[in-house]
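The paragraphs below go through one protein chain, from single residues to the overall fold and back. Please keep the sequence and the model in view while reading.

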Amino acid sequence: MNNWPEGWSDGNRGGGYGHGSASAQPDGARVMRQVRRGPAAPGGGQSAPPYGVPSQQPYDDGQGHDGYDSGYNTGQVYGGGGGQGRGGDMYEPRPAPNWRKRIKWTSITVVTVLVVTTVATYFWADSKLNREVDLSKVIERPEAGDGTNYLIVGSDSREGMSSEEKKKLHTGSAEGKRTDSMMILHTGDNGPTLISLPRDSDVEIPTFVGSESGKTYPGTGRHTKLNAAYAEDGPELLVRTVEFNTGLHIDHYVEIGFAGFANIVDAVGGVEMEIPKGGIKDSKSGADLKEGKQTLNGEEALAFVRTRYALAGSDLDRTKNQQKFLAALANQAATPSTVLNPFKLYPTMSAGLDTLIVDKEMGLFDLASMFWAMKGVTGGEGTSMNMPISGSSGGNLVWDKAKVKTLVQQLNNDEKVTVSGN
């Protein structure tokens, strides 16, 4: 007696898989789905299986799908074996990298980034220039000669400085601004020439037009110190006075104040200078420098270029120190460690451009040319000197007229300077 529903028999149980069978053939061989691994051997038999893998028989799933092959024995499962993929197709070998194409596009990308960065930097820097000086207001100007002449002025402007900064830099708290140093830089085909104009130089104030009032002030033959011209009517009168007393055409004007000077020095990481024997100590400028080679920070550098009372030659020795330092500063700013390092280059440019005052026609290329020329003076490619002095009158330094005439002629003709200064 069996427990199956009525009308059912052992033959209705799906072959009795999993329940045993009276048949002599094992359940797995009769019922379990098998996979045919290859073509039948001659005579209708199965081909020999690979070593260690039992042969498997074909099966019929009852739906006419006979002979399913998983590919296991031939190593084709999951696309493996024999270099063939699904369906027996061969995989294409990965092509070798096209290095020429990669280098080409990498180069294009790098060049594009550099161009965009350079253009953006140019417009950023150009927008920061303070073009405040209008040289078109200067009257009765001498003819321009060959080469380019820059009038470089260091003023004692304390604009934007806090009380602590004034105390730290020993600048005092005087209102307004005066010229602390003045130089003419000539650039041309025979190397740069840097000429200091002592602030105590005896000059005649000529007829001029007021930069603010527009009123004409006739010349009276009045003589005064050169720095008084700047104090009287600013950069325009200073340019007018220099041109009138030298006969040299000034093409561009550049001015920097105390704070800007110190900030530039700090931005480039200091400037190395050789302090003369005995050192420099001056309570008025704040200088307290020991002799020997050392790197000056912004505070020390400002004290160094302002010192005159502790020097034997007073203002004449000070102008020489100023020339040496400015040339060294330009050289430091132009080194690869500054130019190629954006973390130093941009702070340096920002520190300088924020505080520079230039004429309305000054461009970045003019400014760059000026700094490269200053660097050339240090490198021995140019000449540095003081304006030739013949003596003094009433405390003012009198220029040697004959030497000044020859000097100006050589500069106008862009010739090698042979005149020596004090």
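Does Asp414 count as buried or exposed, and at what relative accessibility? This is a predicted model, and in it Asp414 has a relative accessibility of 10%, so Asp414 counts as buried, the cut-off being under 20%. Asp414 belongs to the segment that comes after α11 (401-412). Its backbone also deserves a look: phi of Asp414 is positive, about 55°, although the residue is not a glycine. Most residues other than glycine have a negative phi.

Ser314 is another non-glycine residue with a positive phi, near 50°. Ser314 is part of helix α7. Because its relative accessible area is 30%, Ser314 is partly exposed; that class lies between the limits of 20% and 50%.

The wider setting is as follows. Eleven helices and 17 strands make up the secondary structure elements of the protein chain. The chain has 422 residues, of which 39% count as buried. Taking contacts between residues at least 6 apart in sequence, 64% join residues at least 24 apart.

Within α9, the buried residues are Thr348, Ala351, Gly352 and Leu353.

Helix α9 (342-355) also takes part in the lining of the largest pocket. Rolling a probe the size of a water molecule over the atoms shows where empty space is left. The volume of the largest pocket is about 1000 Å³. Its lining comprises 29 residues, and those closest to the centre are Val339, Leu345, Met349, Ala368 and Trp372. At least two lining residues come from each of α2 (99-128), α7 (314-333), α8 (336-339), α9 (342-355) and α10 (364-378). Sorted by class, the lining has 21 nonpolar residues, seven polar and one charged.

Which residues does His249 touch, not counting residues up to four places away in sequence? They are Arg141, Pro142, Glu143, Ala144, Asn149 and Glu243.

Notes. Residues numbered from 1 in each chain as written. Predicted model: local features only at pLDDT ≥ 70, side-chain atom pairs only at ≥ 80, totals over all residues. Heavy atoms only, no water. Contact = heavy atoms within 4.5 Å. 1 Å grid on protein atoms, 1.4 Å probe; cavity = no way out; pocket = protein on both sides within 12 Å on 5 of 7 lines; lining within 4 Å. Points joined across faces, edges and corners; volume = space filled by probe spheres on them. Helix = DSSP H or I, 4+ residues; strand = E, 2+ residues; numbered from the N terminus. Nonpolar A, V, L, I, M, F, W, Y, C, P; charged D, E, K, R; others polar. Buried < 20%, exposed > 50% of the residue type's maximum accessible area, 1.4 Å probe, protein only.
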